[in-house]
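Good morning, and thank you for coming.

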Amino acid sequence: MSETIILGMMLACVGGFLDAYTYICRGGVFANAQTGNLVLLGIRIAEGNLIGSLKYLIPIIAFVLGILIAEIVRKRYKNSVRIHWRQIIIVVELFVLLGITFIPNGGWYDMIANVLVSFVCSLQVQSFRKFNGNAMATTMCTGNLRSATEYFYNYLDNKDRSELHRSFQYLAIIIVFIIGAAIGAIASIILGVKAIILSCIVLSIVFLLMLINNQ
């Protein structure tokens with residue numbers, strides 16, 4: 001269940017939602033991917049602004065920590081028959097995101113929230129990396145867009161419909177990511193920092209689907 005395209009679409013919806021949430025409610029930043037933080041870290045170092053560089057270094061560290069924790073959980077519980085290790089990851093994501101609802105917005109509060117979102121996204125991107133046999137990301141879409149285009153070209157080149165099917169799967173993930181971002185934007189405008197609760201609802205459904213499948 002954890003590698004089905006349906007589950008991938010639900011997680012991609014959460015990924016898009018969180019990006020819109022941090023952009024609108026938490027200081028105009030995208031916390032899912034760290035490329036921008038790495039670039040800005042380099043710029044601050046070049047400026048000699050070591051204190052200012054901490055603003056970008058801390059989310060990067062949080063992202064790395066999330067990757068490490070995901071691997072620790074996977075190694076420790078990968079043979080468990082009572083609960084799938086990815087279910088543990090979903091529970092951790094849920095509790096962290098619920099905690100963010102109690103963090104007010106503005107200043108350092110936003111930074112704390114964005115660090116926690118970076119942590120959650122690293123857990124998710126490390127734990128859910130393959131759907132229907134294809135490597136996909138649910139918290140960022142650059143790689144998905146590349147793969148969708150590559151498989152579409154392969155279809156045009158050799159007329160293999162399986163290549164077209166794969167391209168459509170990546171496209172579905174991208175579209176749902178965009179839909180999640182749109183929902184996140186609307187919810188963030190209406191509900192403010194509490195909007196993140198909606199992403200928790202989707203993750204709860206993901207957990208239940210995995211739980212039912214594991215019975």
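Predicted model: local features only at pLDDT ≥ 70, side-chain atom pairs only at ≥ 80, totals over all residues.

Residues are numbered from 1 along each chain as its sequence is written, and side-chain values use heavy atoms, with hydrogens and water left out.

Let us begin with confidence. The term pLDDT is the predictor's confidence in each residue, from 0 to 100. The protein chain has an average pLDDT of 92, and 99% of the residues score at least 70. Where in the protein chain is confidence lowest, and where is it highest? The lowest is helix 2, with a mean of 89, and the highest is helix 7, at 96.

Next, the helices themselves. Helices here are DSSP runs (H or I, at least four residues), numbered from the N terminus. The expected span of a helix is 1.5 Å times one less than its number of residues. Helix 7, residues 161–191, has 31 residues and should therefore span 45 Å; its end C-alpha atoms lie 44 Å apart, which agrees. After helix 7 comes Gly192, with a positive phi near 70°. Helix 2 is followed by Gly48, whose phi is positive, near 80°.

I turn now to packing. Two packed helices are described by the angle between their axes and the distance between the axes. Axes are lines fitted to C-alpha atoms, for helices over the stretch in contact, and angles run from 0 to 180 degrees between N-to-C directions. Helix 1 (residues 5–25) and helix 5 (residues 107–127) pack at about 165°, with axes 11 Å apart. These two helices are therefore roughly antiparallel, a term for angles over 145 degrees. Among the residues that meet are Leu11 and Val14 in helix 1, and Asp110 and Asn114 in helix 5.

The axes of helix 6 and helix 7 come within 8 Å and cross at roughly 155°. Helix 6 and helix 7 are therefore roughly antiparallel as well. The contact (heavy atoms within 4.5 Å) includes Asn144 and Tyr151 of helix 6, and Tyr170 and Ile173 of helix 7.

Is Asn144 buried or exposed? Asn144 lies in helix 6, residues 142–158, and counts as buried because its relative accessibility is 2%. Buried means under 20% relative accessible area, exposed over 50%, and partly exposed in between, with a 1.4 Å probe and protein chains only. Beyond its neighbours within four places in sequence, Asn144 touches Met136, Ala137, Tyr170, Ile173 and Ile174.

Leu41 lies in helix 2, residues 35–47, and is buried at 14% relative accessibility. Leu41 and Ser53 are 12 residues apart in sequence, with their C-alpha atoms 5.3 Å apart in space. Leaving aside neighbours within four places, the contacts of Leu41 are Ser53, Tyr56, Leu57 and Ile60.

Met10, in helix 1, is buried at 18% relative accessibility. With neighbours within four places set aside, Met10 is in contact with Val202, Ile205, Val206 and Leu209.

Thank you for your attention.

Key. Parallel < 35°, antiparallel > 145°, perpendicular 65-115°, else oblique.
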